[in-house]
Amino acid sequence: MDIRRLFVLAALLGTACGSPPDSPSTRDTSARRLCNTTAFLGADISPGPRDSKPRELVSVAGALFFTADDGVHGRELWRSSGPGEAGASLVKDIRPGVATSSPRSLTVARDKLFFTADDAVHGRELWVSDGSAQGTVMVRDLWPGALGSAPEELLAVGEVVYFAAEDGVHGNELWRSDGTPDGTFLVEDLYPGEELSAPGRPGSSNPRRLSRAGDAFYFVANEGRSVHLWRSLGAPGATRVFSAPQEHFLFSLTAVGSRLFFLVDGNEGEASLWTSQGTPAEKLRSFPGLYPHDLTALGNTLFFSAGAGKDGRPGDPLGEELWSSDGTARGTARVKDLRSGAAGSAPGSFAVLGGRLYFIADDGIHGRELWSSDGTAQGTVLLQELGPGAPGASPRELAALSGRLFFSAESSEHGRESWMSDGTAGGALPLTEFAPGVTASDPHGFVRSGGDIFFTATDAAHGEELWTLPMGRCLGTPQE
């Protein structure tokens, strides 16, 4: 009997074996039993084994939107309301014919979907959609002509999106839009005048890495030969909270409540962790070697992975492990050394569910498996060994949705397939196996929309397409 059948059998036996009504084993097993584990093909957008490759799945007012290529219209905007709603449908062929408008940066602002697209007439510009063909329109032609203003770095704040764009007059600067032409305008020209490296061209501050924290948002932008971290309330008057020479690299902006954390590489091949609450930024700690990654907020704490070496440069003596920070230098520390020695457990793929952090790590004994932490050494534990033995199941694509964790994991018998966990020890179950045998369906992009979980996966009959897991049979949510 293979491991997938053992997991399912264990769940079924647990509901029939007379555990006390209020015991954790009864509660956990019941939550698993009442959840559907059978996923269905949401839509074969490109019939047959040809892939439509759905991308950028987002939910807007209970409907799923994404981009896909059906082989007839090129890559365009599509929508789905689940398998019971006629699968999926093309929203609009923005660039008619087999050529593609290549919608990108799908961003939800309340009940509106913003994105960028190129209709071959106006170039790449900002578009908005209400889900209908008639309601899918270009917001405003910011830079008339075939080149377009090339909007990017879209950030939703309430009903408005902020973004970087170039109108041919001000260079690449900060803009905002509420989805109407009159409500789309330049917020601030942070670098007026000429570009130093190209006299005669308007200066560009190139706003990037927009991130919201509390009632403000932050972004990185240049001013002459300097790079700054700016704080904005969405109106003229953005303030600098960090400044450095343009060679410095500012990245991984992550909000924890009203506090912003970010990383800085001062052209030294290592990164330092900084923080700001709207005041001048403070340096917390340096991390030689590989950049810290997977910065994730849980409550008032930042969690991340750090300590690995890189390109022959040593990292932390204890290797790459789980770290946390409360925004102070003293409170920035390793949570637990899961794997002794310089190799480290290499935590990654973080997700937050029910007040706990879930992640993947390798303790040197069980291989890469699913772990959980409450932020303390004692509360950081192996959740479940999905693939017994040293290789591990290597879960990835963790997503916390509908009070559960969804992810992919692999085994020697089944390849990489989809799994679901209620977040408790032993609470993971395999979902439908789309590619029988060792062939992997490689599920990814898990998103909740309405009462369903959507994701993309590959099978021999349909190629890479949209799949749906109806969650209506889940009569409770173990964690929120």
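The largest nonpolar core in this predicted model has 15 residues. Tyr218, Leu229, Phe242, Leu250, Leu253 and Phe262 make the most contacts inside this core. Five elements are named as giving two or more residues to it: strand S17 (216–223), strand S18 (226–232), strand S19 (239–245), strand S20 (249–256) and strand S21 (259–265).

A separate site was examined at Thr136. This residue lies in the loop between strand S8 (124–129) and strand S9 (137–140). Thr136 is buried because its relative accessible area is 0%, under the 20% cut-off. Its side chain is joined to that of Ser129 by a polar contact of 2.7 Å. Ser129 is also among the residues that Thr136 touches, when residues up to four places away in sequence are left out.

The whole protein was then considered. The protein holds 2 helices and 38 strands. Of its 480 residues, 51% count as buried. The accessible surface comes to about 19800 Å². Carbon and sulfur atoms account for 52% of that surface. Among contacts between residues at least 6 apart in sequence, 45% join residues at least 24 apart.

Note on methods:
Residues are numbered from 1 along each chain as its sequence is written. This is a predicted model: local features need pLDDT of at least 70, side-chain atom pairs count only at pLDDT 80 or more; totals for chains, interfaces and linings use all residues. Side-chain values use heavy atoms; hydrogens and water are left out. Helices (H or I, at least four residues) and strands (E, at least two) are DSSP runs, numbered from the N terminus. Buried means under 20% relative accessible area, exposed over 50%, partly exposed in between (1.4 Å probe, protein chains only). A polar contact is a pair of N or O atoms within 3.5 Å; within protein, one must be able to donate a hydrogen and the other to accept it, and residues adjacent in sequence count only if both atoms are side-chain atoms. Contact means heavy atoms within 4.5 Å. Accessible areas come from the Shrake-Rupley method with a 1.4 Å probe; for residues, only the protein chains shown count as cover. A nonpolar core is a set of buried Ala, Val, Leu, Ile, Met, Phe, Trp, Tyr and Cys residues joined through side-chain atoms within 4.5 Å.
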